[in-house]
Amino acid sequence: MIFYKTDEEIELIRESCLLVSKTLALVASEIGPGKTGQEIDKKAEEFILDHKAKPGFKGYRGFPATLCISVNEGVVHGIPSNEPFKDGDVVSVDCGAFINGFFGDSAYTFALGDVDPDIINLMEVTNDSLYMGIKEARVGAWLGNIGYAVQEYAEKQHKYGVVRELVGHGIGRDLHEAPEVPNYGRRNSGKKIKPGLVIAIEPMVNLGTRKVATAKDGWTIITQDKKVSAHFEHTIAVKKSGVDILTDHSFIEQEIKNNANVKEITKKK
Ligand code: MG
Ligand code: MG
């Protein structure tokens, strides 16, 4: 069952999303070769707790950390480790926060130091595919058009692998609510979008095969061919007046400009 949100509820979700965005901006300012995922996770957790909120993922189905940090072939659900990041690593960071009874959820992928241009291109295509999906989110449109747009761009046009096993989702009082929002699918399929739909759209796109596996730690989803994966996510609300992106990557992008260890990616106009 889909829980459509009132405008008041959407404003509360926006607060959670703003905190998530600012936490990811803190990550953007701290991350770099030589730092560890555990150090960054600790800072993120303190930041969220300082704002009288709770980390959204810690304890969720037993997940042990505040951030999911997935390095290189890691797609999602990576556990922050004590192994320092290396020059050339690609690090996907996913963050959730819970405040005022609602969750916010967002992810961003960081290129540390000297990253191969092919991989930067993968990141840019993944990020652009997210916005192409968002553009399809409007009242009266088919939900399936979001996944169709992501797949069309990332897979058909750019020949990357779009992950099927993990999907975007409704979000609100629960971290994962109905409906599922796949990153693939047919045009004009699924449900029709109604006002008050709040969803996380989160393409996971692989340089090589779309196929994934679970790593030995039981959590991290990795690519089967061990090639790099990228992940970008926004929480959005669909209103009669249009789509409202509740998480804000501009805080992250501003910090990346000031962090010489992280390469900027370009957005398609
Ligand atoms: Mg997420
Ligand atoms: Mg999510």
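Colleague: In this predicted model, is Phe63 buried or exposed?

Modeller: Phe63 has a relative accessible area of 4% and is therefore buried, since the cut-off for that class is under 20%. Trp219, at 24% relative accessibility, counts as partly exposed.

Colleague: How many aromatic pairs does a search of the whole structure find, and what describes such a pair?

Modeller: A pair of aromatic rings is described by the distance of the centres and the angle of the planes. Here the search of the whole structure finds 4 aromatic pairs. One of them is formed by Phe63 and Trp219, with 5.1 Å centre to centre and 85 degrees between the planes, an edge-to-face arrangement. This pair links distant parts of the chain, 156 residues apart. Phe63 lies in the loop between strand E1 (54-55) and strand E2 (67-71), whereas Trp219 lies in the loop between strand E11 (212-214) and strand E12 (221-223).

Colleague: Why is the pair of Phe98 and Phe103 tilted?

Modeller: Its planes stand at 50 degrees, so the pair falls between the limits of 30 and 60 degrees and is tilted. The ring centres of Phe98 and Phe103 are 4.6 Å apart. Phe98 is partly exposed at 25% relative accessibility, while Phe103 is buried, with a relative accessible area of 12%.

Colleague: Where does the charged end of Arg164 sit?

Modeller: The charged end of Arg164 is over the ring of Tyr184, 5.0 Å from the ring's centre.

Technical notes. Residues numbered from 1 in each chain as written. Chains lettered and ligands numbered in written order. Predicted model: local features only at pLDDT ≥ 70, side-chain atom pairs only at ≥ 80, totals over all residues. Heavy atoms only, no water. Phe/Tyr/Trp six-rings, centres within 6.5 Å; stacked < 30°, edge-to-face > 60°. Helix = DSSP H or I, 4+ residues; strand = E, 2+ residues; numbered from the N terminus. Buried < 20%, exposed > 50% of the residue type's maximum accessible area, 1.4 Å probe, protein only. Lys NZ or Arg CZ within 6 Å of the ring centre and 35° of its normal.
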